[in-house]
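Thanks for coming, everyone. Please bring up the sequence and the model, and we'll walk through the packing together.

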Amino acid sequence: MQSYALSVGLTGGIGSGKSEVARLLSARGAVVIDSDVLAREALAPGSPGLAEVVAAFGPEVLDGSAALDRAALGRAVFADPSRRALLEGIVHPVVRRRSAELAAAAPAGAVVVHDIPLLVENGMQGGFDVVVVVDSDDATRLARLTDVRGMTAEDARARMSAQATREQRLAVADEVVVNDGSLADLADAVDRLWLRLLSVPRRTVDR
């Protein structure tokens, strides 16, 4: 008998500290599959995905070296749900296939963490053994986006409002990591989360 890997969906709103939680889980032994990284790979120079994006949105989404100009693409889709859906229809199937390949290659019994910013928005919560939501109050997130990332308050609020609400994310959470304090506080919270994840019973399969 061999145990399956534990499939964990990790999400949180922009500025919540989700990426730091993913890093801390990786340091504790989790296999982390970052959807943002896979999305960048899907649109790498010369990829079929990038060719589809250029066909859909025009050559103005490329920079001078024929690579994707992410800022230009963001401007093209951010305020238009139909154009955003078109982009997602190109990128998401590639990301899902690659994510499945990486998860299948994980060691037996591993904790496989899928870092997915739009997990709730895309209705993906049912696909995981455990859903972890990194939660932070809106004022703290806004301060991080303006003070650390250098966004304007208007841009930060717009990006926050384009995502699911805190209530929507918390409604699907099996585990919540509160990140309103220091990095040391967050590390302690992740330590506790890690112990709980390790204790989740794994399904087994005959080998």
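**Cores and helix contacts**

Let's start at Ala-30. Setting aside neighbours within four places in sequence, Ala-30 is in contact with Leu-25, Val-111, Val-113 and Trp-194. One caution before we go on: this is a predicted model.

Where does Ala-30 sit? It is in the loop between α1 and β3, and β3 covers 31-34. Is Ala-30 buried or exposed? Its relative accessibility is 8%, so Ala-30 counts as buried, the cut-off being under 20%. Now look at its partner Val-111. Ala-30 and Val-111 are 81 residues apart in sequence. In space, their C-alpha atoms are 5.1 Å apart.

Val-111 takes us to the largest nonpolar core. That core has 20 residues. Which of them touch the most other members? Val-8, Val-21, Leu-25, Val-111 and Leu-197 do. Several elements each supply at least two residues here: β2 (6-12), α1 (18-27), β4 (111-115), β5 (130-135) and α9 (183-199). Which element gives the most? That is α9, with six residues.

Stay with Leu-197 for a moment. Not counting residues up to four places away in sequence, Leu-197 touches Leu-6, Val-8, Leu-25, Val-111, Val-130 and Arg-202.

Next, α1 against α9. Their axes come within 10 Å and cross at roughly 55 degrees. The two helices are therefore oblique to each other. The crossing of α1 and α9 is right-handed. Who makes the contact? From α1 come Glu-20, Val-21, Leu-24 and Leu-25. From α9 come Leu-183, Leu-186, Ala-187, Val-190, Leu-193, Trp-194 and Leu-197. By class, the contact of α1 with α9 has ten nonpolar residues, no polar ones and one charged.

Over to strand β2 now. Ser-7 lies in this strand. Ser-7 is buried, with a relative accessible area of 19%. The cut-off matters here: buried means under 20%. What does Ser-7 contact, leaving aside its neighbours within four places in sequence? The list is Val-112, His-114, Gly-127, Phe-128, Asp-129 and Val-130.

Take α4 (residues 70-77) and α5 (residues 81-104). They pack at an angle of about 130 degrees, with their axes 7 Å apart. So α4 and α5 are oblique to each other. On the α4 side, the contact uses Leu-73, Ala-76 and Val-77. On the α5 side, it uses Arg-83, Arg-84 and Leu-87. By class, the contact of α4 with α5 has four nonpolar, no polar and two charged residues.

Last pair: α6 (residues 138-147) and α7 (residues 153-161). Their axes come within 9 Å and cross at roughly 130 degrees. That makes α6 oblique to α7. The crossing of α6 and α7 is right-handed. Which residues meet? Asp-138, Arg-141, Leu-142, Leu-145 and Thr-146 in α6 meet Ala-153, Ala-156, Arg-157 and Met-160 in α7. By class, the contact of α6 with α7 has five nonpolar, one polar and three charged residues.

To close, back to the start. Ala-30 contacts Leu-25 and Val-111, among others. Leu-25 and Val-111 are among the residues that touch the most other members of the largest nonpolar core.

How values were computed: Residues are numbered from 1 along each chain as its sequence is written. This is a predicted model: local features need pLDDT of at least 70, side-chain atom pairs count only at pLDDT 80 or more; totals for chains, interfaces and linings use all residues. Side-chain values use heavy atoms; hydrogens and water are left out. A nonpolar core is a set of buried Ala, Val, Leu, Ile, Met, Phe, Trp, Tyr and Cys residues joined through side-chain atoms within 4.5 Å. Buried means under 20% relative accessible area, exposed over 50%, partly exposed in between (1.4 Å probe, protein chains only). Helices (H or I, at least four residues) and strands (E, at least two) are DSSP runs, numbered from the N terminus. Contact means heavy atoms within 4.5 Å. Axes are lines fitted to C-alpha atoms, for helices over the stretch in contact, and angles run from 0 to 180 degrees between N-to-C directions. Angles under 35 degrees count as roughly parallel, over 145 as roughly antiparallel, 65 to 115 as roughly perpendicular and the rest as oblique. A crossing is left-handed if the near helix is turned anticlockwise from the far one by less than a right angle, and right-handed if clockwise. Ala, Val, Leu, Ile, Met, Phe, Trp, Tyr, Cys and Pro count as nonpolar, Asp, Glu, Lys and Arg as charged, and the others, Gly among them, as polar.
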